[in-house]
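Here are my notes on this model. Please keep the structure open while you read the points.

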Amino acid sequence: MCLFASLLLHKQYKGFEDAKAVIESLKNKGVSAIGAAGFCWGAKVVVELAHINAGVLLHPSFVTVDDIKEVKAPLAVLGAEFDHLSPPALVKQFEEFDGFVKIFPGVAHGWTVRVQS
């Protein structure tokens, strides 16, 4: 499925609402440390989750420097050398905030969920 078709079927706000419900349920069960990992547009969902203790953004999409400024939890941002959705120049700007940023050489957007040749 192409990215455009996937985005039409799987809305970010739905992912955010689903994740919020899971986090709330975990907190109600006494879980006190919660982390989240977001792949592609799921990275935007992670930065919108205000009540997590840590997050990982893997080949993020649609995440801006302003989004990262609002995150209070430490983040690891794992980018790709060849990424038109989140170019390395953008991802490197995320280093200014509380977290870890690494650009993986020789890989393209989506590298964390598919085999690289």
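Predicted model: local features only at pLDDT ≥ 70, side-chain atom pairs only at ≥ 80, totals over all residues.

1. Asp-66 and Lys-69 join their side chains in a salt bridge, at 3.4 Å from N to O. The two are three residues apart in helix 4, so about one helical turn separates them. Lys-69 is partly exposed, at 44% relative accessibility.

2. How many salt bridges does a search of the whole structure find? The count is three. Another one pairs Glu-17 with Lys-20, at 3.6 Å from N to O. Both residues sit in helix 2, three residues apart, so again about one helical turn lies between them. Glu-17 is partly exposed at 40% relative accessibility. Lys-20 is partly exposed too, at 38%.

3. Look next at Lys-44 and Asp-67. Their salt bridge brings the closest N and O atoms to 2.6 Å. This pair links distant parts of the chain: Lys-44 belongs to helix 3 and Asp-67 to helix 4, 23 residues apart. Buried or exposed? Lys-44 and Asp-67 are both buried.

4. Check the backbone at Cys-40. Its phi is positive, about 55°, although Cys-40 is not a glycine. The residue lies in the loop between strand 1 (35-39) and helix 3 (42-48). Cys-40 has 12% relative accessibility, so it counts as buried.

5. Phe-62 also deserves a look. This residue is not a glycine, yet its phi is positive, about 65°. Phe-62 is in the loop between strand 2 (54-58) and helix 4 (65-69). With a relative accessible area of 37%, Phe-62 is partly exposed.

6. Last, the surface. Val-22, Leu-26 and Val-31 make a nonpolar patch of about 210 Å². Val-22 is placed in helix 2 (residues 12-28).

Terms used: Residues numbered from 1 in each chain as written. Heavy atoms only, no water. Patch = residues over 30% accessible without salt bridge, like charges linked within 9 Å, V, L, I, M, F, W, Y side chains within 5 Å. Areas by Shrake-Rupley, 256 points an atom, 1.4 Å probe, with all protein chains shown as cover. Salt bridge = Lys/Arg side-chain N within 4 Å of Asp/Glu carboxyl O. Helix = DSSP H or I, 4+ residues; strand = E, 2+ residues; numbered from the N terminus. Buried < 20%, exposed > 50% of the residue type's maximum accessible area, 1.4 Å probe, protein only.
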